[in-house]
Amino acid sequence: MSPFEILLENFLQALTAGVLVGTIYGVMCVGLGLIFGVMRVINFAHGSFLMIGLFIPYWLWLLFRIDPYLSMLVTAPALFGLGYLIQATLIAPLYRRERAMVLEPLSVLMLTAGVGLIIDNLTFMAFGPDFRGITLDFASKALWIGDILNINYTRLIAFLSSIAITVALSLFLGRTDLGRAIRSTAQNRDAASLCGINVMRIYNVTFGLGCAVLGVVGCLMIPFYLVSPSIGLAFGVRSFITVVLGGIGSIPGCILGGLILGVVESVAAQFVTATSASIFSFVIFILVLFFRPTGLMGMKV
């Protein structure tokens, strides 16, 4: 093969890997975008909830040999319940107080950051700093497309499942009574309340739903990602970059931002080290903030 053919093959492989990973990044941030779209609050504990979503299928596999894809039936409800509980008991009282004072819920941001720190440190105390992972029988196998591209089966499953999650969530928000109540609350909280919608209950459900998505994503990622208490911060930062790129509060924007981030990091890693490749993501992040502060598909707030 000529040097050009080798370069083209590497580029196509990196582009494919970037699309696969970028889609996962995007659906990872759907919950974050949903919570902001309804509550106008950034969940700074987002990465910590994802870390829990990775640990639950890991321990279910290690202790009971439950397939991580089947463990979604446990992980998603568990994360929904945790998110609902935290929102109802910790965030809601603070939210009511600041809304009554006609203030932006800024202290809620600090509260979610504190919740994230508590989750991270409790997990660190319980399990230590070690990285852990699981090994599935087909994790090392790949689907070949011609003689050029190969796609790892676990990443392909995560890619297809991410698309299905996004479509299912969109249908839920558009075609169910609860989904329409969530959208109404996002558009106008006071008007929704006058129509008989229990706004605080909608906030509880929204926060829980955003966390449940992370539970599903964690089950999709654990076959090819290592988990430790420290990854919450790393994924949290990546999630914020993604939602800002696509536009805070926009679910399609989350997917677009994830694709951009995944492709840029994957292609750049062909020319520089993986650590240095993340610099390109931050450069694009700064440029988007400078020229389009609301993101590529963001809404004005």
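Biologist: Where does serine 71 lie?
Modeller: Serine 71 is placed in the loop that runs between α3 (46–64) and α4 (72–100), where helices are DSSP runs of H or I with at least four residues, numbered from the N terminus. This is a predicted model, in which local features need pLDDT of at least 70 and side-chain atom pairs count only at pLDDT 80 or more, while totals for chains, interfaces and linings use all residues. Residues are numbered from 1 along each chain as its sequence is written, and side-chain values use heavy atoms, with hydrogens and water left out.

Biologist: Is serine 71 buried or exposed?
Modeller: Serine 71 has a relative accessibility of 1% and therefore counts as buried, a class that means under 20% relative accessible area, with exposed being over 50% and partly exposed in between (1.4 Å probe, protein chains only).

Biologist: And what is serine 71 in contact with?
Modeller: Once its neighbours within four places in sequence are left aside, the contacts (heavy atoms within 4.5 Å) of serine 71 are with Pro57, Leu60, Ile66 and Cys219.

Biologist: Which residues does proline 68 touch?
Modeller: Proline 68 is also in the loop between α3 and α4, and, not counting residues up to four places away in sequence, it touches Pro57, Trp61, Ile134, Leu136, Cys219, Ile222 and Pro223.

Biologist: Arginine 65, then: what is its phi near?
Modeller: Arginine 65 has phi near 55°, which is a positive value in a residue other than glycine. Arginine 65 is found in the loop between α3 and α4, and at 54% relative accessibility it counts as exposed.

Biologist: What about phi of arginine 40?
Modeller: For arginine 40, phi is near 60°, again a positive value in a residue other than glycine. This residue sits in the loop between α2 (30–39) and α3, and its relative accessibility of 27% makes it partly exposed.

Biologist: Changing topic, how many disulfides does the structure hold?
Modeller: There are 0 disulfides in the structure, a disulfide being a pair of cysteine sulfur atoms within 2.5 Å.

Biologist: How far is the sulfur of cysteine 211 from the closest cysteine sulfur?
Modeller: The closest cysteine sulfur to that of cysteine 211 belongs to cysteine 29 and is 13 Å away, which is too far for a bond. Cysteine 211 is buried as well, at a relative accessible area of 1%.

Biologist: What is valine 243 in contact with?
Modeller: Leaving aside neighbours within four places in sequence, valine 243 is in contact with Cys29, Leu32, Ile248 and Cys254. Valine 243 belongs to helix α10 (residues 231–246), and at 3% relative accessibility it counts as buried.

Biologist: Now the rings: how many aromatic pairs does the structure hold?
Modeller: The structure holds 9 aromatic pairs, counting rings of Phe, Tyr and Trp (its six-membered ring) whose centres lie within 6.5 Å, with planes under 30 degrees apart called stacked, over 60 edge-to-face and the rest tilted. One of these is formed by phenylalanine 49 and phenylalanine 207, whose ring centres are 6.2 Å apart and whose planes are at 80°, so the pair is edge-to-face. That pair links distant parts of the chain, since phenylalanine 49 is in helix α3 and phenylalanine 207 in helix α9 (residues 199–221), 158 residues apart. Phenylalanine 49 is buried, with a relative accessible area of 1%, and phenylalanine 207 is buried, also with 1%.

Biologist: And what sort of pair do tryptophan 59 and phenylalanine 127 form?
Modeller: Tryptophan 59 and phenylalanine 127 make a tilted aromatic pair, 5.2 Å centre to centre with 40° between the planes. Tryptophan 59 lies in helix α3 and phenylalanine 127 in helix α5 (residues 106–127), so the pair ties together parts that are 68 residues apart in sequence. Tryptophan 59 is partly exposed, with a relative accessible area of 23%, and phenylalanine 127 is partly exposed at 29%.

Biologist: Which residues do ring pairs link into a cluster?
Modeller: Ring pairs join Phe55, Tyr58, Trp59 and Phe127 into a cluster.

Terms used
Helix = DSSP H or I, 4+ residues; strand = E, 2+ residues; numbered from the N terminus.
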